[in-house]
Amino acid sequence: MSAMGGGKARPRSGIFRVMTVNVLDRRHADWQRRRRLLERGVQDWQPDVVALQEVVRCEDYDGVRELLGEGWHVAAHPRWSEDGVGAAVASRWPITAVRTDAFGGVGREAMAAWCGVTVAEVQAPSPFGTMLVVHHKPSWERGQEREREAQAIAAARLVEAMAGSGHVVLLGDFDAPPDSASVRFWTGRQSLGGLSVCYRDAWEAAHPGEPGHTFSPVNPLVRQGEMPEEEGRRVDYIMVRCDDYGPTLRVGLCEQVFSEPVDGVWASDHYGLVADLLLPAHRPGSWALG
């Protein structure tokens, strides 16, 4: 595995590769050097979809375009901070519809200036076809799990209204560990607000029993940042929606990216994730022939 986290050549047909990474606001920790590592990581892994958090967009600057270059279809989050910090999801394939929710009226959500969810309808090539890519960014504050629960419900309701029978990939920085109520809700371990859903956690599927912290004090940018007493958590996720019989896409791999320094430089205070998603051997709910 390389220092960038194990970049692999662009996957062959039949694999849908997705990535999520919180890039850390460019005002912190030598952005120009970090930016080069982030660019290289995307180039190495060549994902089909990338979810970016803490990117900056202002009148004369587009952080998504700076990191990814041209040729991407981009769906921005519904809210950005006054100083231009926000989130976006980018696809190599056309985005034909976008719906968003800024989580209005959910408790203290105004404290999180750029939380929200974006649901992008992506026209992926065969064998995947039209699918939904859901970029979820709830409140980050440690004491706001109630808000994250309400935001998860709102995001799930939006997805269920759009999904139909197609594939759904959910990803982003959820700011909550796997045992929190909001993440347990997403993974089908508990209901919230009279609603239940079920998504397969790609890291858990590929690395059962491994903590997989993506916000870790091993990374010096965490200790140098606003949470110097951070103990380490897995807060970044890639998930696949399940139907009654299980996930509609199989996790081929799920790896951390940007989890090691290069020449002493860390790309961000978060480690990113990349996952390869494939069709199951046969469609859930049916019997294999023979």
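Reader: Where is Arg233 placed?

Author: Arg233 sits in the loop between helix H6 (220-224) and strand E11 (236-243). The model here is a predicted one.

Reader: Why is Arg233 called buried?

Author: Its relative accessible area is 9%. Buried means under 20%. The value for Arg233 falls under that cut-off, so Arg233 is buried.

Reader: What makes the pair Arg233 and Glu230 a polar contact?

Author: The side chains of Arg233 and Glu230 come to 3.0 Å. A polar contact needs N or O atoms within 3.5 Å, one able to donate a hydrogen and the other to accept it. The pair therefore counts as a polar contact.

Reader: Which residues does Arg233 touch, not counting residues up to four places away in sequence?

Author: Arg233 touches Arg142, Asp175, His213, Thr214, Phe215 and Met227.

Reader: What is the mean pLDDT of the protein chain?

Author: The mean is 91. Of the residues, 93% reach 70 or more. Over residues 1-6, however, pLDDT stays under 50. For that stretch the model has 20 contacts beyond four places in sequence.

Reader: How do you know that Thr118 is buried?

Author: Thr118 has a relative accessible area of 0%. Thr118 is placed in strand E7.

Reader: What makes the Thr118 and His77 side chains a polar contact?

Author: They come to 3.2 Å. The limit is 3.5 Å, so the pair passes. A polar atom of the Thr118 side chain also lies 3.2 Å from the backbone oxygen of Ala76. Leaving aside neighbours within four places in sequence, Thr118 is in contact with a list of residues including Val89, Val98, Thr100 and Val134.

Reader: Why is Asp263 called exposed?

Author: Its relative accessibility is 72%. Exposed means over 50%, so Asp263 counts as exposed. Asp263 lies in the loop between strand E13 (250-257) and strand E14 (272-278). It has a positive phi of about 50°, although it is not a glycine.

Reader: Is Leu24 buried or exposed?

Author: Leu24 is buried, because its relative accessible area of 8% is under 20%. Leu24 is found in the loop between strand E1 (16-22) and helix H1 (31-45). Its phi is near 70°, a positive value in a residue other than glycine.

Reader: Which residues lie nearest the centre of the largest pocket?

Author: They are Leu24, Glu54, Trp140, Glu226 and Asp269. In total, 29 residues line this pocket. About 710 Å³ of space lies in it. H6 gives the largest share of the lining, three residues. By type, the lining divides into 13 nonpolar, six polar and ten charged residues.

Reader: How much space lies in the second largest pocket?

Author: About 190 Å³. Its lining includes Arg57, Asp62, Trp72, Trp80 and Ala88. Helix H2 (63-68) and strand E4 (73-76) each supply at least two lining residues. The lining divides into six nonpolar, two polar and four charged residues.

Reader: What joins Ser126 and Pro127?

Author: A cis peptide bond, with omega about 15°. Pro127 lies in the loop between strand E7 (116-123) and strand E8 (130-137).

Reader: How do you know that His207 is buried?

Author: Its relative accessibility is 13%. That is under 20%, so His207 counts as buried. His207 is in the loop between helix H5 (202-206) and H6.

Reader: Which residues is His207 in contact with, leaving aside its neighbours within four places in sequence?

Author: Cys254 and Glu255. A polar atom of the His207 side chain lies 2.6 Å from the backbone oxygen of Cys254. The C-alpha atoms of His207 and Leu132 are separated by 25 Å, and these residues are 75 residues apart along the chain.

Reader: What makes Val274 count as buried?

Author: Its relative accessibility is 0%. The cut-off is under 20%, so Val274 is buried. Val274 is in strand E14. Among the residues Val274 touches, not counting those up to four places away in sequence, are Val18, Trp45, Ile238 and Cys254.

Reader: How far apart are the C-alpha atoms of Val274 and Asp60?

Author: They are separated by 30 Å. Along the chain, Val274 and Asp60 are 214 residues apart.

Note on methods:
Residues numbered from 1 in each chain as written. Predicted model: local features only at pLDDT ≥ 70, side-chain atom pairs only at ≥ 80, totals over all residues. Heavy atoms only, no water. Helix = DSSP H or I, 4+ residues; strand = E, 2+ residues; numbered from the N terminus. Buried < 20%, exposed > 50% of the residue type's maximum accessible area, 1.4 Å probe, protein only. Contact = heavy atoms within 4.5 Å. pLDDT = per-residue confidence, 0-100. 1 Å grid on protein atoms, 1.4 Å probe; cavity = no way out; pocket = protein on both sides within 12 Å on 5 of 7 lines; lining within 4 Å. Points joined across faces, edges and corners; volume = space filled by probe spheres on them. Nonpolar A, V, L, I, M, F, W, Y, C, P; charged D, E, K, R; others polar.
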